[in-house]
Amino acid sequence: MNIFLDLFLTFFKIGAFTFGGGYAMLPLMQEEVLAHKWMPLEDVVNFIAVSESTPGPFAINMATYVGSEVGGAFGLAGSLFGSFCATFGVVLPSFIVILIVAKCFERFKNSKVVKGCMTGLKPAVVGLIGSAIISVLLTVFIPNGFSLGIFTDASFYVSLAIFVICTVMAFKKVHPIIIIVLAAVLGIVTGYVL
Amino acid sequence: MESKTKKIFQLFLVFLKIGAFTFGGGYAMIPIIQKEIVENKKWITDDDILEIIAIAESTPGPIAINSATFVGYRVAGFFGAMLATLGVVLPSFVIILLISFVLREFQDIPAVQYAFNGIRAGVLALLIKALVTMYKKAPKGLVSYIVIGASFLITAFFDINVLFVIIGCAVFGLVTSLIAERRSKK
């Protein structure tokens with residue numbers, strides 16, 4: 001399939017099947033990006049940090065980024081067109097659905113079918129993100145696969161320490177950007193020392 | 001007619017501003033929409049905002065897009081929806097496109113790689129925080145716990161498409177809520 005059409009259709013699917021904001025899109029996004037071999041999980045995780053530190057919704061940022069990376073194989077114009085296709089694809093389902101809902105709002109609001117589906121969808125997002133986090137956890141702590149050797153590897157303990165510090169800060173409601181900057185500084189310092 | 005064109009243009013500008021200055025997306029956008037559209041422009045009311053949140057939560061897609069499209073449509077019809085959505089997307093699009101070029105240039109430098117080694121551990125922490133927040137907001141009860149457990153286990157340990165899990169959970173929620181309703185009627 002044409003790569004640009006593929007970008008559009010894939011992100012259309014992601015936009016059409018993600019309910020709830022923020023990271024609700026991560027599980028499906030992760031699955032599609034890895035299945036297409038568009039980029040490794042490491043790059044996806046790196047980009048979550050970029051997205052947290054720039055304005056705009058995660059879904060749009062991610063679509064633009066993946067589109068630009070994938071289309072980049074065809075040069076600058078490819079980057080531009082790829083990011084356009086992915087972003088347009090992820091936006092379009094919401095746009096169409098909201099236009100329809102806005103026209104028959106009362107019926108939608110009181111719909112038992114919509115309410116019923118939501119009682120399944122809301123908890124599903126929690127389970128799916130939990131599962132996506134397991135993959136992220138594996139890339140962070142054992143990027144080269146599991147072996148007993150990781151317990152003698154200093155970088156394992158460095159990641160663990162950074163993770164613990166950042167988790168404590170996150171639950172103390174420190175702003176995400178500050179956490180990311182701190183994690184970056186710790187990463188650079190330990191990278192040069194080790 | 002001219003006032004409508006003007007309104008559409010203003011919608012574009014307001015949502016451009018919202019898109020450019022909201023970090024973290026989604027709910028962070030709601031207070032800004034409230035200030036700009038309800039207090040300053042008086043295009044919609046506070047009750048409308050609550051409706052928009054309710055709708056955005058039960059329709060697919062990012063909350064930012066849902067609310068931009070809905071507000072735009074309420075204020076100025078189809079073209080209002082289009083320009084508001086374009087406005088909210090445009091800043092991210094431009095900024096991320098530029099960043100993707102910069103990342104490509106710098107990602108092989110050792111310092112950048114070390115930084116991202118640390119950052120990935122930090123992102124993991126942010127994701128776990130987000131998971132806990134979402135768990136607290138999710139409905140409680142037996143159906144909810146079954147769905148959380150099943151969707152987690154199925155996607156973590158089996159090679160099953162996330163899409164099927166999402167559809168399956170929606171159907172399960174629908175069926176159980178219809179059964180619960182029928183029982184309460186008896």
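I'll start with a definition: the expected span of a helix is 1.5 Å times one less than its number of residues. Helices themselves are DSSP runs of H or I with at least four residues, strands are runs of E with at least two, and both are numbered from the N terminus.

Two remarks on where this comes from. This is a predicted model, in which local features need pLDDT of at least 70 and side-chain atom pairs count only at pLDDT 80 or more, while totals for chains, interfaces and linings use all residues. Residues are numbered from 1 along each chain as its sequence is written, and chains are lettered from A and ligands numbered from 1 in the order in which they are written.

Now chain A as a whole. Chain A has nine helices and zero strands. Its C-alpha atoms fill a box of roughly 60 × 40 × 30 Å along the principal axes. Of its 194 residues, 51% are buried. Buried is used for a residue with 20 or more other C-beta atoms within 10 Å of its own, exposed for 12 or fewer, and partly exposed in between, with C-beta atoms placed from the backbone. Contact is used for two residues whose C-beta atoms, placed from the backbone, lie within 7 Å. Among contacts in chain A between residues at least 6 apart in sequence, 58% join residues at least 24 apart.

Next, one helix, H3 of chain A. H3(A) has twelve residues and spans 17 Å from first C-alpha to last, close to the expected 16 Å. How many of the twelve residues of H3(A) are buried? Nine are, so H3(A) is largely enclosed by the rest of the structure. Among them are Val44(A), Phe47(A), Ile48(A) and Glu52(A). These buried residues pack against H2, H4, H7 and H9 of chain A, and also against H4 and H5 of chain B.

That brings us to the other chain. The contact between the chains takes 87 residues from chain A and 80 from chain B. On the chain B side, H5(B) gives the largest share, 21 residues. By class, that side has 53 nonpolar, 22 polar and five charged residues. Here Ala, Val, Leu, Ile, Met, Phe, Trp, Tyr, Cys and Pro count as nonpolar, Asp, Glu, Lys and Arg as charged, and the others, Gly among them, as polar.

One helix pair across this contact is H4(A) with H4(B). Their axes are 9 Å apart and the angle is about 40°, which makes H4(A) oblique to H4(B). Axes are lines fitted to C-alpha atoms, for helices over the stretch in contact, and angles run from 0 to 180 degrees between N-to-C directions. Under 35 degrees counts as roughly parallel, over 145 as roughly antiparallel, 65 to 115 as roughly perpendicular, and the rest as oblique. The residues that meet include Tyr65(A) and Glu69(A) in H4(A), and Phe93(B) and Leu97(B) in H4(B). The residues of this contact divide into six nonpolar, five polar and one charged.

Last, two backbone details. Most residues other than glycine have a negative phi. Lys37(A), in the loop between H2 and H3 of chain A, has a positive phi of about 55°. Lys37(A) is exposed, with 8 other C-beta atoms within 10 Å. Lys173(A) has a positive phi near 65°. Lys173(A) lies in the loop between H8 and H9 of chain A, and is exposed, with 7 other C-beta atoms within 10 Å.
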